[in-house]
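Reader: Here's the model I want to go through with you. Let's just chat about whatever stands out.

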Number of protein chains: 2
Amino acid sequence: MHPGTAPDGSRAELRAAMAALPESGIVEVINRGREVPGLIPLWVGEGDLPTPPVIAEAAARALAEGHTFYTWQRGIPPLRDALARYLGRVHGAEVAPERIFVTASGMQAIMLTLQAVLDPGTELVTTAPIWPNVFSVLPILGAVPRFVPLERSDDGWRLDLDRLFAACGPRTRAVFLNAPGNPTGWMMPRADMAALRDFCRARGLWLIADEVYARIVYDAPAAPSFLEVCDPDERLIVINSFSKTWAMTGWRIGWVVAPAEFGQVYENLIQYNTSGVATFLQHAAVTAVEEGEPFVAALVERCRAGRDLVCARMAAWPRVRFARPEGAFYLFFSVAGEPDSRALALRLIEAAGVGLAPGTAFGPGGEGHLRLCFATSADRLTAALDRLAPVLA
Amino acid sequence: MHPGTAPDGSRAELRAAMAALPESGIVEVINRGREVPGLIPLWVGEGDLPTPPVIAEAAARALAEGHTFYTWQRGIPPLRDALARYLGRVHGAEVAPERIFVTASGMQAIMLTLQAVLDPGTELVTTAPIWPNVFSVLPILGAVPRFVPLERSDDGWRLDLDRLFAACGPRTRAVFLNAPGNPTGWMMPRADMAALRDFCRARGLWLIADEVYARIVYDAPAAPSFLEVCDPDERLIVINSFSKTWAMTGWRIGWVVAPAEFGQVYENLIQYNTSGVATFLQHAAVTAVEEGEPFVAALVERCRAGRDLVCARMAAWPRVRFARPEGAFYLFFSVAGEPDSRALALRLIEAAGVGLAPGTAFGPGGEGHLRLCFATSADRLTAALDRLAPVLA
C-alpha cells in the first residue's frame with residue numbers, strides 16, 4: 001500500500017480539471033530545448049536586451065534603502081500616479097490613479113480580472129490565434145472559451161466583428177481582445193473598438209482589453225487604446241504589463257485599469273492571490289514609466305529592423321506564408337507541407353538549433369504556423385535565418 | 001444613462017461572490033491608520049528590520065548581471081536544490097528538489113494549492129482563530145471553510161483532534177493546518193501530526209500544512225514539520241515562505257513541497273497565475289537559505305526578548321488574558337469588557353497611537369482579542385506598551 005492510501009485503496013486526488021490542465025505549448029518546447037548548447041531562442045516573447053540599467057539601478061537603490069516591507073495592495077501611490085500620467089501622455093486618455101491597480105504580472109492582471117467576472121460555467125469570447133494563457137487559465141475557474149477566428153490575408157490579419165458578436169451567447173460574460181495581437185501582430189481599427197464598445201454596452205458584457213503591446217507598433221507612437229473610446233465607468237478592464245515595453249519580462253509586474261468602484265474588489269483579489277508586489281520593484285517601475293521613453297524608442301527601432309530583416313528574407317522562401325505584422329514583435333508564419341507545428345518546432349531545436357514557438361499553442365487557427373520573436377539583434381536574426389533556411393525555405 | 005448601460009438598464013456585473021469578498025480585517029484597520037503620524041504599527045506580521053544586506057545585495061548583483069529574463073516556472077534549479085538541502089538540515093527530512101516549487105509568496109502557495117484540490121462546493125477544514133487569508137480566499141474558488149476551534153487555557157492553545165476529525169464530512173477535500181499558528185502561536189505536537197496523517201490517509205483527504213513560522217520557535221531550532229512524519233508521495237502539501245524567517249515580507253516569495261508527480265500541475269498553475277518569480281529575486285533567495293542562519297538566530301532572539309517583555313508587562317494588566325506563545329511572533333490576547341475588537345483596534349489608532357490587528361479578522365473565536373506582533377525592538381515595544389496601558393490595563 002502506498003502512503004496516503006486508504007484501506008480501500010482510495011487516495012486524495014486533484015481536481016479533474018487541474019490534472020487535465022494543458023501545459024503551455026510554448027513552455028513545453030522551451031523545456032525540451034532549454035539546455036541545448038548554442039541554440040538561438042526566438043520562441044518566447046522577449047528580446048535579447050536585459051532591463052535598462054537606469055531601471056535596474058532604481059530597484060537596487062530602493063533595496064539598499066530598505067524598502068523591503070509589506071505595502072499597499074493596490075500598488076504604491078507614486079506608481080499609480082505615474083501610470084495615470086503615462087496613459088494620459090501616450091493615449092490622451094484621462095485615467096484617474098484610483099482606476100489603476102498594480103499586479104504581479106500582466107498574467108495576474110488577467111487572472112484577477114477573470115476571477116472577478118467569470119462564474120463557473122460561463123464563457124469568455126476571444127479571438128484566435130491568441131496567447132495560450134488567455135484560454136488555458138479558464139479551466140481553473142470552471143469557465144470556457146469561445147473562439148472567433150482572426151483571418152489572414154497577405155495584407156494582414158482581420159477580425160470579422162459580426163462573427164464576434166454572433167459568438168456571444170447567454171452564458172457569455174466578457175469579450176477578451178488582445179490588440180496589437182500576440183502572435184499575429186493584428187491591430188484593431190479604432191472604429192471597430194467603438195462598435196465593440198457599443199455592442200458590449202447593449203449586451204451587458206465586460207470588455208477586457210489586453211494592451212500589453214500598445215507601444216510596440218510601427219506606424220504610430222502607440223496603438224489605439226480602448227481607454228480612448230470608453231468612459232471612465234465603462235465596463236472596461238484594460239490589462240497591461242511592464243514586460244514588453246521596458247524589457248522587464250523577468251520582473252513580473254503588470255497593471256489593470258478598471259472602474260474605480262471596483263477598487264476594493266481588486267485590492268481583495270490581490271490580497272488573496274499574492275498579497276502585492278515588492279515595493280522596491282514598484283519604485284523601479286516608476287523609473288521605467290518616467291525615464292524609459294528613450295529605451296522604448298530604441299526598442300521599437302530594433303524591432304522594426306528585426307521585422308524588416310525577417311520579412312525580407314522569408315518572403316523569398318516558397319513554402320512560407322505570412323502577413324507583415326503591424327504591431328507586437330512576432331512573425332507568425334505558416335509552412336506548406338508542415339501540418340504538425342509542434343513536431344516541427346521540436347525538430348527545429350535539433351535540426352537548426354533555433355527555438356520557435358509552435359502554432360498549436362495558440363488555439364484554433366494556429367496549427368500549421370510557427371511564431372518567431374524578432375526583438376533581437378540583426379546578427380542573431382541573420383544567424384537564425386541562415387540555420388532555418390535549409391529546413392523551411 | 002450611464003456608459004456601459006444597456007437600453008434596458010442592465011450592466012455587466014461582478015460575480016456576486018467577488019462583490020461580497022471580505023476585505024482583510026487586518027488591512028482594513030491598517031488602511032485607516034497608515035498615514036497617522038507617529039503611530040507604532042504592530043498590526044502586521046513583520047518586524048522592524050529590513051531584509052539583511054547580504055540578501056538584498058545578492059538581488060542587486062543578479063540585477064546588475066542582467067538576470068531579468070523569463071525563467072523556469074517551477075523555480076530556478078539552484079533555489080530548488082538549496083531548499084532541498086535546507087529542509088534536510090532543519091527538519092532532517094529528505095526532500096527531493098523535484099518536490100519543491102517556488103511561488104510568488106506563501107499566499108500564492110496557498111492559492112495554487114487550493115486551486116489544485118478544491119472544486120466549487122467542496123470544503124476545507126481548518127482551525128480557528130487563523131490568518132484570515134486562509135478562509136477569505138475560498139469564495140474565489142466557490143469553496144467553503146469548516147472551522148475547528150483552537151481552545152485557549154492559560155497554559156497555551158490546544159486542538160481537540162477528535163473535533164477536527166468530526167468536522168470532516170463528505171464534501172471535505174482537505175485539512176489545513178497552520179502550526180506554529182498565526183495569530184495564536186499554537187504548536188502541534190508531533191504525535192498529533194502522526195494521528196492526523198493517519199486520518200487523512202484513511203479518509204482520502206489532502207493534508208495542507210502551512211509551516212511559515214517553523215523557524216520562529218523558542219524551545220527548539222525548529223517546529224516539528226509534517227515532512228518529518230509523512231512519506232514522499234503522501235497526499236501532503238507544505239506551504240512555506242521567505243517572508244518571516246529572513247525578513248523578506250515585501251519580496252513576495254514562497255515555496256511549496258508537494259508530491260513530485262504533481263510537478264506539471266504546479267508548473268501549469270504558476271504559468272497561468274503569475275508566470276513565475278523574478279530570477280534576480282530567486283538568486284537572493286538562494287543567499288537567504290545558504291547564508292541566512294546568523295540572521296535567523298538573531299531574529300529568534302529578538303522575538304524571544306519581545307515576547308518576554310510583552311508577556312511580563314501585560315500579565316500585570318487585570319483586563320488582559322493570554323497564553324504565552326510557543327512559536328510565531330504574536331501575542332493574541334483578550335481584553336475583558338471589550339467585545340468589539342474591530343472598534344477597539346480602530347480606537348487604539350487614535351487613543352494610543354498603536355496599531356494592533358483586530359481578533360475579528362481571524363475567524364471564529366477571534367472576537368474579543370487583539371493581535372500584537374512583538375518582532376520589534378525593546379524600545380518600540382516599551383513605548384507601545386506605555387501607550388496601550390492607559391486604555392487596556
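Reader: Start with α2(B) and α14(B): is the crossing left-handed or right-handed?

Author: The crossing of those two helices, α2(B) and α14(B), is right-handed. Keep in mind that this is a predicted model.

Reader: Noted. What angle do α2(B) and α14(B) pack at, and how far apart are their axes?

Author: Helix α2 of chain B covers residues 25–33 and helix α14 of chain B covers residues 341–351; they pack at about 25°, with 10 Å between the axes. That angle makes α2(B) roughly parallel to α14(B).

Reader: Which residues meet there?

Author: On the α2(B) side you have G25(B), V29(B), R32(B) and G33(B), and they meet R342(B), A345(B), L346(B) and I349(B) of α14(B). By class, this contact has four nonpolar, two polar and two charged residues.

Reader: OK, another pair. At what angle do α3(B) and α12(B) pack?

Author: About 145°, and the axes of α3(B) and α12(B), the latter being residues 279–291, lie 8 Å apart. The crossing of α3(B) and α12(B) is right-handed.

Reader: And what makes the contact between α3(B) and α12(B)?

Author: From α3(B) come V54(B), I55(B), A58(B), A59(B), A62(B) and L63(B), while α12(B) brings T279(B), F280(B), L281(B), H283(B), A284(B), T287(B), A288(B) and E291(B). Sorted by class, the contact of α3(B) with α12(B) has ten nonpolar residues, three polar ones and one charged.

Reader: Switching to the two chains. How many residues of chain B are in contact with chain A?

Author: 77 residues of chain B, in contact with 77 residues of chain A. The elements of chain B that give two or more residues to that side are α1 (16–19), α3 (53–64), α5 (106–117), α6 (133–136), α9 (190–203) and α11 (263–273). The chain B side splits into 37 nonpolar, 28 polar and twelve charged residues.

Reader: Now the backbone. Which residues does a cis peptide bond join?

Author: One joins A128(A) and P129(A), with omega about 0°. P129(A) sits in the loop between β3 (123–128) and α6 (133–136) of chain A. A cis bond also joins A179(A) and P180(A), where omega is about -10°. P180(A) is in the loop between β6 (172–178) and α9 (190–203) of chain A.

Reader: Where do A247(B) and A328(B) lie?

Author: A247(B) is in the loop between β8 (236–241) and β9 (254–257) of chain B. A328(B) is in the loop between β10 (320–321) and β11 (330–335) of chain B.

Reader: Is A247(B) buried or exposed?

Author: The cut-off for buried is 20 or more other C-beta atoms within 10 Å. A247(B) has 25 such neighbours, so A247(B) counts as buried. A328(B) is buried because 31 other C-beta atoms lie within 10 Å.

How values were computed. Residues are numbered from 1 along each chain as its sequence is written. Chains are lettered from A and ligands numbered from 1 in the order in which they are written. This is a predicted model: local features need pLDDT of at least 70, side-chain atom pairs count only at pLDDT 80 or more; totals for chains, interfaces and linings use all residues. Two residues are in contact if their C-beta atoms, placed from the backbone, lie within 7 Å. Helices (H or I, at least four residues) and strands (E, at least two) are DSSP runs, numbered from the N terminus. Ala, Val, Leu, Ile, Met, Phe, Trp, Tyr, Cys and Pro count as nonpolar, Asp, Glu, Lys and Arg as charged, and the others, Gly among them, as polar. Axes are lines fitted to C-alpha atoms, for helices over the stretch in contact, and angles run from 0 to 180 degrees between N-to-C directions. Angles under 35 degrees count as roughly parallel, over 145 as roughly antiparallel, 65 to 115 as roughly perpendicular and the rest as oblique. A crossing is left-handed if the near helix is turned anticlockwise from the far one by less than a right angle, and right-handed if clockwise. A residue is buried if 20 or more other C-beta atoms lie within 10 Å of its own, exposed if 12 or fewer, and partly exposed in between; C-beta atoms are placed from the backbone.
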